[in-house]
Amino acid sequence: MSQLDLFEDATRHDFDHDAFINLLLQESRVRYADVALAKLLNKQTIDDVFYLILLLLRAEQLQHSCLAFDDIDWQDPFAMQAHYQLGNAAPWQEQVHHKIWQKLAQHQAVGVDKPLTLFAQKLYLSRLANYEALLAERFIAMQKQPLVIDENHLIRLLGEYFPDNSNDTIDWQKVACAMAATRRFCVLTGGPGTGKTTTVTKLLAILQSLYIKAPLTIKLVAPTGKAAARLSESILGAKVKLGLESQLSELIPEQAQTIHRLLGVIPQSNQYRHNQHNPLHLDLLIIDEASMVDLSLLAKLVEALPAHARLIMLGDKDQLASVDTGSVLSDLCQELRMGVLPHYSQALCDSLNRLCFAQQPKLLGQESDFALSDNVAFLQHSHRFDSQSGIGQLALAVNTNDRKLLTQTLQKGFEDIAIHPLNNEQYQDLISRAAQHYSHYLTLMQGGAAAQDIHQAFLQYQLLAALREGPYGVEQLNKRIEQVLHARGLIQPFARHYAGQPIMVVENDYQLKLFNGDIGILLKDEHMQLKATFIDEQGNLRSFYPARLPRHENVYAMTIHKSQGSEFANTAMILPPIQRSSVGINRQLLYTGITRAKQYFELVAQEQVLLNAMARSVSRCSGLRERLMKN
Ligand SMILES: Nc1ncnc2c1ncn2[C@@H]1O[C@H](COP(=O)(O)OP(=O)(O)OP(=O)(O)O)[C@@H](O)[C@H]1O
């Protein structure tokens with residue numbers, strides 16, 4: 001029996017729309033505002049188009065860029081829990097789908113300069129369609145705009161920074177560097193430790209050497225303050241490792257900033273100081289953690305680039321998509337698979353063989369239908385996690401849903417991972433271990449250490465949870481850890497704010513320049529005043545009276561979603577039991593959690609929950625790919 005057949009029931013005279021809409025609201029499938037908007041756009045008529053608009057608004061709420069006709073379950077489009085008796089369901093009919101599409105195409109709210117847009121069998125809110133179209137247009141424009149390069153000089157520099165190992169293997173970092181040096185737009189994707197930052201630092205050294213007479217103005221950005229601080233640290237580390245001579249080293253920036261800061265936030269507005277009319281002053285923009293950047297912010301950033309600019313996007317395509325709508329990085333990297341060579345055109349392979357492997361050409365072309373396949377470089381080999389590392393093997397097993405590799409990894413007894421079954425005892429042990437880790441920064445605080453050192457110590461460990469609510473969610477975990485730390489005499493959590501309390505800001509405050517995801521610790525200053533302290537991307541200390549803080553929560557435990565863009569030496573992760581783990585616990589979530597760990601990772605979970613999550617891969621609906629197909 002169906003819940004609602006969009007063609008048959010929605011247009012039936014005796015169908016009780018009010019009851020059905022109430023059910024949708026009760027089951028939180030849609031919001032009141034969605035119903036009102038769908039009615040408005042459909043001139044108060046409740047019919048099949050009204051329900052399609054509702055479905056679109058629901059899709060947007062779930063961070064999809066659009067509603068794909070092919071993805072709709074026409075017999076139960078809202079995936080209802082309640083069984084709603086509607087009589088005989090209409091059989092699936094191809095012509096009826098065609099009819100509704102035609103009806104939509106002629107609808108008064110659909111079209112150019114209208115609130116809704118149709119594209120490639122997908123229905124959009126026009127705002128999102130416009131962002132997608134803008135990105136596709138700019139990416140293609142950048143791809144087509146030629147660059148003048150002294151090829152011989154570039155070959156020499158590539159040889160210097162990537163000395164040929166003269167065996168048969170391909171140095172993909174060198175390939176990535178050659179690709180990025182010779183095009184205005186390049187995506188560089190790879191898992192943790194595959195050398196994205198190292199490659200980009202070498203690329204910057206090569207580009208500044210090529211253009212030494214008129215060096216490029218380079219800006220580095222990341223979506224969060226945390227990610228920007230990490231990028232700064234990594235670029236600095238890579239520069240030191242490369243041992244660049246000082247004149248060249250000075251031409252490579254190491255201070256990254258947030259995208260919001262670069263664009264120039266205008267308080268109480270969703271506009272930025274920099275836009276197409278007031279472009280950014282730069283020649284090359286590097287965006288790190290690009291998987292976290294949502295469609296609208298990326299569109300605004302790309303729109304603000306000057307016409308001559310180059311753009312490089314770095315990120316891990318397999319991580320969770322952005323918190324807000326869109327999944328641009330994974331859309332651009334959709335055809336890449338671990339263990340498979342990317343498809344590059346023969347023209348690109350000829351050029352890369354000339355630039356990188358003059359002695360012995362190594363690359364052979366393979367055509368792709370994707371217009372930007374020659375703009376995506378893929379690093380697969382991790383230099384941080386070798387075959388001796390459990391973290392790397394576990395991440396690989398999860399990411400490829402390889403149960404055999406998972407079993408082997410668990411049996412090998414790696415020292416850098418531990419997996420505990422979820423039960424009462426393990427739950428209590430996890431809380432105790434977390435409290436033990438956090439006692440380090442609290443002991444430093446009690447000893448009067450500098451705020452920077454206290455923050456540094458806090459960031460050595462993080463407990464991650466898949467859920468917010470319930471006994472396995474961050475709220476309860478935070479309370480439990482707080483209780484243990486209090487019992488150990490390390491904190492006095494009697495007021496809303498107390499010394500040693502770690503907090504995460506959960507909304508943007510453009511006035512204070514505190515952003516969603518920023519982590520602070522409450523500390524007493526020299527006058528014994530309690531202040532919330534934050535370390536900014538430049539490593540500077542910023543302090544605020546607690547009463548001034550934007551909305552925030554304790555962060556002894558944080559959700560995996562919130563941990564994106566951060567790394568911790570020690571990371572622990574807890575997954576709920578099977579009864580609570582059907583929604584939202586998927587491969588991307590697990591992979592993101594595991595790859596936050598640099599040195600040690602522990603998981604507390606039921607085996608079946610782990611296996612189910614590995615098998616559940618999610619993707620967001622978007623039309624960006626279609627906009628970027630050849631022809
Ligand atoms: N070709 C290489 N040979 C040896 N070591 C390398 C190579 N490339 C990178 N490394 C080392 O591997 C580690 C990880 O490199 P890097 O930070 O550049 O990777 P990443 O992809 O940016 O990582 P993440 O995204 O996880 O921060 C660094 O210690 C770096 O020095």
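The model is predicted, so local features need pLDDT of at least 70 and side-chain atom pairs count only at pLDDT 80 or more, while totals for chains, interfaces and linings use all residues. Residues are numbered from 1 along each chain as its sequence is written, and side-chain values use heavy atoms, with hydrogens and water left out.

Around the ligand there are 14 residues, of which K196, T197, T198, R230 and K241 come nearest; a residue counts as near if one of its heavy atoms lies within 4 Å of the molecule. By type, this shell divides into 1 nonpolar, 8 polar and 5 charged residues. Here Ala, Val, Leu, Ile, Met, Phe, Trp, Tyr, Cys and Pro count as nonpolar, Asp, Glu, Lys and Arg as charged, and the others, Gly among them, as polar.

Some pairs of N or O atoms can be named. The side chain of Q173 has an N or O atom 3.1 Å from a nitrogen atom of the ligand. On the backbone, an N or O atom of G193 lies 3.0 Å from a ligand oxygen, and a polar backbone atom of T194 is 3.3 Å from an oxygen atom of the ligand. The ligand taken alone exposes 630 Å², and the protein buries 71% of that; the areas come from the Shrake-Rupley method with a 1.4 Å probe. Helices are DSSP runs (H or I, at least four residues), numbered from the N terminus.

The nonpolar cores come next. A core is a set of buried Ala, Val, Leu, Ile, Met, Phe, Trp, Tyr and Cys residues joined through side-chain atoms within 4.5 Å, where buried means under 20% relative accessible area (1.4 Å probe, protein chains only). The largest core has 67 residues, and Y438, L463 and I574 touch the most other members. Helix α17 (residues 424-446) supplies its largest share, 9 residues. Apart from this core lies another, of 48 residues, among them F162, L216, A227 and L352.

Is I594 buried or exposed? I594 is buried, with a relative accessible area of 2%. Its place is in helix α21 (residues 587-594). Leaving aside neighbours within four places in sequence, I594 is in contact (heavy atoms within 4.5 Å) with I391, L394, A395, V398, M573 and F601. The C-alpha atoms of I594 and A572 are separated by 8.5 Å, and the two residues are 22 apart along the chain.

Key
Polar contact = N/O pair within 3.5 Å; in protein donor to acceptor, adjacent residues only side chain to side chain. Helix = DSSP H or I, 4+ residues; strand = E, 2+ residues; numbered from the N terminus. Buried < 20%, exposed > 50% of the residue type's maximum accessible area, 1.4 Å probe, protein only.
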